[in-house]
Every structure is written in structure tokens, then in C-alpha cells.
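Subject: Structure handover

Dear colleague,

Here is the structure I said I would pass on. My notes follow below it.

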Amino acid sequence: MRVICAQDYDAMSRQAANLISAQVLLKPDCVLGLATGDSPIGAYGQLIRWHRQGDLDFARVKTVNLDEYVGLGVTDPQSYAYFMRKTFFDYININLCNTHIPNGLAPDAGLECNRYDEVIQALGGVDLQLLGLGANGHIGFNEPGTSFVKGTHCVELSQTTIETNARFFTTAELMPRRAFTVGIFDIMQARRVVMIVSGRHKARAVRDSFWGPITPRVPASILQLHRNFTLVADQAALSLVPGEGAIS
Ligand code: F6R
């Protein structure tokens with residue numbers, strides 16, 4: 001595990017964008033695993049700027065997103081499909097046919113999960129998986145207690161996640177209670193994993209995930225065993241790490 005300590009959110013975003021950009025430059029037809037939420041917005045913004053300057057070409061890049069709410073379609077402003085277009089895809093030269101997100105409106109959840117795992121396999125797996133970290137240690141929507149060996153599956157969201165994400169919905173009741181998520185097994189298959197974490201409210205999750213025991217109670221802790229894992233975190237997120245001064 002490699003730890004990059006960034007001063008703040010902007011520095012973290014630049015570091016993460018650098019790693020993603022290097023992946024695209026080294027392998028122009030790479031498969032990127034992407035996340036939504038607040039954490040990656042700055043990195044996507046930086047990648048858009050480099051694309052506009054003519055430094056980054058996404059024409060052959062393929063993407064697979066981590067998750068989607070059950071019941072929300074691509075035109076729903078709260079869906080992750082919509083978020084990806086409005087935050088990233090609409091501003092780069094990616095072919096939308098090469099972007100993949102679980103279908104929140106799929107009538108059969110089991111079939112949709114199998115289909116999504118087949119998509120990832122058909123693409124040859126993920127070259128670089130970008131992750132955020134939930135305040136409860138979740139990755140994707142793999143909540144505490146999830147088995148490490150699951151592929152894509154449909155989850156009941158935890159109360160903590162519902163409360164945290166309800167801020168994006170007009171009323172808390174509109175917040176979906178279920179979501180599709182790629183499994184921890186899928187995430188561990190990615191050839192490289194980059195996690196970005198910012199803010200004091202994530203400090204406990206960072207400490208428990210990477211300076212504590214590996215346990216399904218803290219889903220991200222399994223990343224300690226990934227062969228190519230980089231944590232890019234800002235000082236606030238690293239503030240509870242023992243001997244934090246040693247991290248550069
Ligand atoms: C989003 C995802 C989630 C988020 C996590 C952190 O696709 O899979 O695991 O990465 O909840 O969310 P933010 O970045 O909003 O703090």
C-alpha cells in the first residue's frame with residue numbers, strides 16, 4: 001500500500017488526476033473503474049481541463065462505474081448515470097457507448113448483476129479503479145458486514161449511508177433504499193486501485209481501514225492486501241493515523 005498525503009482536497013484531486021491521466025497515456029484503450037460522490041469531482045474537473053488543453057484523449061477509454069441506485073433511470077438527476085454525464089462524460093471525448101453503469105431500472109436485479117459482471121469480464125477487467133471511502137468504511141455500496149467474495153449484487157443501504165446521501169434528495173423519503181454495486185471481489189481484481197479521501201469526517205474510517213485489522217466490518221480494510229493500492233488522502237483525512245508525520 002502506498003500513501004500519498006495531500007495538503008487539501010484540491011491537492012488530493014490533482015494527485016488522483018495525475019494517476020488516472022498516466023494510466024490513460026500509457027494505455028489509451030484502458031478500462032477505468034469510476035466512482036461518484038463528492039470525492040472525485042475535483043479529479044474529474046482536472047482531467048477535463050487537461051483534455052481541453054489537448055493533453056488527454058479519452059476516445060478509446062472505457063469505463064465501468066461502481067454503483068447505481070435501484071429505481072433511478074439515466075435521466076433522473078439523482079442517478080449516478082446522470083451524475084457521471086454532468087460531472088465528467090459530457091466534457092470529454094469519451095464514446096458514451098464505452099461507458100457502463102448498472103441499470104437502476106432493470107426489472108430483474110439478479111440478471112442485471114450477472115450482466116454487469118459479464119460486461120466487466122468482456123472488457124478484460126479494470127486497469128485502474130478509482131474509489132471513495134464511506135464514513136462507515138464502505139467501498140462502492142459494500143456496507144459493513146459484506147462478504148469479501150461477492151461480485152456485483154443488489155444491497156439494502158445501511159442507515160448511515162441513507163442519512164449521509166439523503167442530502168442529495170429533496171426529501172429523505174425520496175432517497176432509494178437499495179442499490180446495485182460491484183462487489184469487493186470485483187474491486188480486488190482491478191489491476192490498480194486508487195482511493196481518494198478528504199476531510200476530518202473520514203479520518204476514523206481511514207484509520208480503521210488501513211491501520212486496523214482486515215475485517216468485513218470495515219469493507220475497505222481488504223485493500224491492505226491489494227497488490228497495487230494507492231491511498232491519496234488529505235491531511236484532515238489522515239489526522240487520526242498513528243505516526244501520521246511519517247507519511248509523505
Ligand atoms: C460512489 C461510491 C461510494 C462513495 C463513498 C464516498 O460511487 O461508490 O462508495 O465513494 O460513499 O462518498 P463521498 O465521495 O461523497 O464522500
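A residue is taken as near a molecule or strand if one of its heavy atoms lies within 4 Å of it. By that rule, 14 residues surround the ligand, and the closest are Ser39, Asp67, His138, Gly140 and Lys202.

Before the rest, the conditions. This is a predicted model, in which local features need pLDDT of at least 70 and side-chain atom pairs count only at pLDDT 80 or more, while totals for chains, interfaces and linings use all residues. Residues are numbered from 1 along each chain as its sequence is written, and side-chain values use heavy atoms, with hydrogens and water left out.

Ligand site

Ser39 has a polar side-chain atom 2.5 Å from a ligand oxygen. For Asp67 the distance from a polar side-chain atom to a ligand oxygen is 2.6 Å, and for an N or O atom in the side chain of Lys202 it is 2.7 Å. The ligand taken alone exposes 410 Å², of which the protein buries 92%; accessible areas come from the Shrake-Rupley method with a 1.4 Å probe, and for residues only the protein chains shown count as cover.

Sheet

Helices (H or I, at least four residues) and strands (E, at least two) are DSSP runs, numbered from the N terminus. Two strands pair if DSSP finds at least two bridges between them. Seven strands form an open sheet with parallel pairing, in the order β1-β10-β9-β6-β2-β3-β5. Its edge strands, β1 and β5 (99–100), each pair on one side only. Within the sheet, β6 and β9 run parallel and are joined by four bridges, with Leu131 opposite Met195 in β9. The parallel pair β2 and β3 also has four bridges, and here Gly33 stands opposite Val64 in β3. From β3 (residues 62–65), Lys62 and Val64 point one way and Thr63 and Asn65 the other, and all are buried. Buried means under 20% relative accessible area, exposed over 50%, and partly exposed in between (1.4 Å probe, protein chains only).

Cores

A nonpolar core is a set of buried Ala, Val, Leu, Ile, Met, Phe, Trp, Tyr and Cys residues joined through side-chain atoms within 4.5 Å. The largest has 33 residues, of which Leu32, Tyr44, Leu47, Phe58, Met84 and Phe88 touch the most other members. Elements giving two or more residues to this core include α1 (9–26), α2 (41–52) and α3 (80–87); α1 provides the largest share, seven residues. Leu47 touches Ala17, Ile20, Ser21, Leu56, Phe58 and Phe88, leaving aside residues up to four places away in sequence, where contact means heavy atoms within 4.5 Å. A second, separate core of 32 residues includes Val3, Val64, Val193 and Phe210.

His51, in helix α2, is buried at 18% relative accessible area.

Exposed loop

Thr170 lies in the loop between α5 (159–165) and β8 (178–181), and Glu173 is found in the loop between α5 and β8. Thr170 is exposed at 74% relative accessible area, and Glu173 counts as exposed at 65%. The C-alpha atoms of Glu173 and Ala43 are 31 Å apart, at a sequence separation of 130 residues.

Regards

Methods: A polar contact is a pair of N or O atoms within 3.5 Å; within protein, one must be able to donate a hydrogen and the other to accept it, and residues adjacent in sequence count only if both atoms are side-chain atoms.
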